[in-house]
Amino acid sequence: MNFFKIKTGWSNAEFIPLKLCIATAYILIGAYFHNFFRDHYVAVLIVFAITVIWSVFQWVNKMKVQNEPNTPA
């Protein structure tokens with residue numbers, strides 16, 4: 001299966017959850033080493049989990065739609 005060769009088009013609005021996901025991952029990594037985000041660790045973890053699920057869901061849906069055969073009804 002050529003999973004990594006599949007091309008999809010993303011709009012700027014669809015990149016927002018992915019960017020939030022990446023940003024919260026960096027914050028979580030930083031929170032592990034520093035106490036700066038210690039009080040907000042649970043909130044950041046919740047945002048990270050939501051954006052991971054949202055991004056993967058969008059990606060899978062885009063791949064399904066793009067790879068569906070175009071058969072007339």
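**Helix packing and surface of the predicted chain**

The model is predicted, so local features need pLDDT of at least 70 and side-chain atom pairs count only at pLDDT 80 or more, whereas totals for chains, interfaces and linings use all residues. Residues are numbered from 1 along each chain as its sequence is written, and side-chain values use heavy atoms, with hydrogens and water left out.

The chain contains two helices and zero strands. Of its 73 residues, 14% are buried, where buried denotes under 20% relative accessible area, exposed over 50%, and partly exposed the range in between (1.4 Å probe, protein chains only). The accessible surface of the chain amounts to about 6,300 Å², and carbon and sulfur atoms account for 68% of that area; such areas come from the Shrake-Rupley method with a 1.4 Å probe, and for residues only the protein chains shown count as cover. Among contacts between residues at least 6 apart in sequence, 72% join residues at least 24 apart, a contact being heavy atoms within 4.5 Å.

Helix H2 covers residues 41-67, 27 residues in total. From its first C-alpha to its last, H2 reaches 39 Å, close to the 39 Å expected at 1.5 Å a residue; the expected span is 1.5 Å times one less than the number of residues. The buried residues of H2 include Val-44, Thr-51, Ser-55, Gln-58 and Met-63. Thr-51 is classed as buried because its relative accessible area is 4%. Residues up to four places away in sequence aside, Thr-51 touches Pro-17, Leu-20, Cys-21 and Thr-24.

Thr-24 belongs to helix H1 and is likewise counted as buried, because its relative accessibility is 7%. Beyond its neighbours within four places in sequence, Thr-24 is in contact with Val-44, Val-47, Phe-48 and Thr-51. Tyr-26 also lies in H1, which comprises residues 12-33, but its relative accessible area of 61% places Tyr-26 in the exposed class.

Val-42, Ile-46, Ile-50 and Trp-54 make a nonpolar surface patch of about 420 Å². Patches consist of residues with over 30% relative accessible area and no salt bridge, with like charges joined within 9 Å and nonpolar side chains (Val, Leu, Ile, Met, Phe, Trp, Tyr) within 5 Å; a salt bridge is a side-chain nitrogen of Lys or Arg within 4 Å of a carboxyl oxygen of Asp or Glu. An α-helix has 3.6 residues a turn, so residues three or four places apart point the same way. Ile-46, in helix H2, is partly exposed at 47% relative accessibility. Trp-54 is partly exposed as well, with a relative accessible area of 44%. Trp-54 and Glu-14, 40 residues apart in sequence, are separated by 9.9 Å from C-alpha to C-alpha.

Conventions
Helix = DSSP H or I, 4+ residues; strand = E, 2+ residues; numbered from the N terminus.
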